[in-house]
Amino acid sequence: MADILLRGYYGWNSRRAVQVLDQVFPKDASVQPSLVVVYFGGNDSMGPHSSGLGPHVPLPEYKENMRKIAKHLQSLSDSIRIIFLSSPPVNEEKIRGNASGFFSELVRTNELCRQYSEGCIEVGKETGVKVIDLFTAFQNRDDWMNACFTDGVHLSEEGSKVVVEEILKVLKNAEWKPCLHWKSMPTEFSEDSPYDLVAADGKTTLNPSEWTFHREIQWD
């Protein structure tokens, strides 16, 4: 059993994340996370705006910000585990077709995504943080440009499946003790109960706490 907290902020970059690290992950918290999955780079890698405004963060600063994030998280406890997600590719043609009058020109290219993905991987090697190379993982699918995104950038259901599969690979193969793979984690309140669904014999109930076969996707 695991409690999962989602902390997603629309349009954020690594620069803003560093500013709130102590608020989101205070060092004096009574309970520290077992695993933190960090994704910054998609917005950082957007091309710079002539005004100096916008989400773009220069690559050297992005890498330094990711180092700061890794260092802060690693300082929270000896048992914390961290996974970085690198910048995925984008469907450049679809992005251009979805241009909105609300924004100035949005510069998103696969060349920029590649550079920031490689930067994230470099920081992971330096800091000992596991990194999932989403730039490569998405392109392993022949139909990735249309299947993995809703608008060329944001993930579709299929794109989200790729991310989950890659995270599960890390959790399964990492030599972490205790193992954080879902099949290795104990199930809370797994005892039989008279309040479970009644079996076909009309006399017993079926304990569903370990069931997986009813799900659409059979995660490994």
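Colleague: Which residue's side chain meets that of R15 in a salt bridge?

Modeller: In this predicted model, the partner of R15 is E61, and the N to O distance is 2.7 Å. R15 lies in helix α1 (residues 14-19) and E61 in helix α3, so the pair ties together parts that are 46 residues apart in sequence.

Colleague: What is the relative accessibility of R15, and how does it count?

Modeller: R15 has a relative accessibility of 33% and counts as partly exposed.

Colleague: How many salt bridges does a search of the whole structure find?

Modeller: The search finds 12 salt bridges. One of them joins E111 and R114, whose closest N and O atoms are 2.4 Å apart.

Colleague: Where do E111 and R114 lie?

Modeller: Both lie in helix α5, separated by 3 residues, or about one turn of the helix. In general, an α-helix has 3.6 residues a turn, so residues three or four places apart point the same way. E111 is partly exposed, with a relative accessible area of 39%. R114 is partly exposed as well, at 27%.

Colleague: Let us stay with α5. How many residues does it have, and how far does it reach?

Modeller: Helix α5 covers residues 110-127, which is 18 residues. From its first C-alpha to its last it reaches 26 Å, close to the 26 Å expected at 1.5 Å a residue.

Colleague: Which residues of α5 are buried?

Modeller: The buried residues are N110, C113, Y116, S117, G119, C120, V123 and G124.

Colleague: What happens just after α5?

Modeller: Just after the helix, G128 takes a positive phi of about 80 degrees.

Colleague: Changing topic: which residue forms a salt bridge with K161?

Modeller: K161 pairs with E158, and their closest N and O atoms are 3.0 Å apart. The two residues are 3 residues apart in helix α8 (residues 157-173), about one helical turn.

Colleague: Is K161 buried or exposed?

Modeller: K161 is buried, with a relative accessible area of 18%, whereas E158, at 27%, counts as partly exposed.

Colleague: Which residues are joined with these two into one network?

Modeller: Salt bridges that share partners join R141, D143 and E157 with E158 and K161 into one network.

Terms used: Residues are numbered from 1 along each chain as its sequence is written. This is a predicted model: local features need pLDDT of at least 70, side-chain atom pairs count only at pLDDT 80 or more; totals for chains, interfaces and linings use all residues. Side-chain values use heavy atoms; hydrogens and water are left out. Helices (H or I, at least four residues) and strands (E, at least two) are DSSP runs, numbered from the N terminus. The expected span of a helix is 1.5 Å times one less than its number of residues. Buried means under 20% relative accessible area, exposed over 50%, partly exposed in between (1.4 Å probe, protein chains only). A salt bridge is a side-chain nitrogen of Lys or Arg within 4 Å of a carboxyl oxygen of Asp or Glu.
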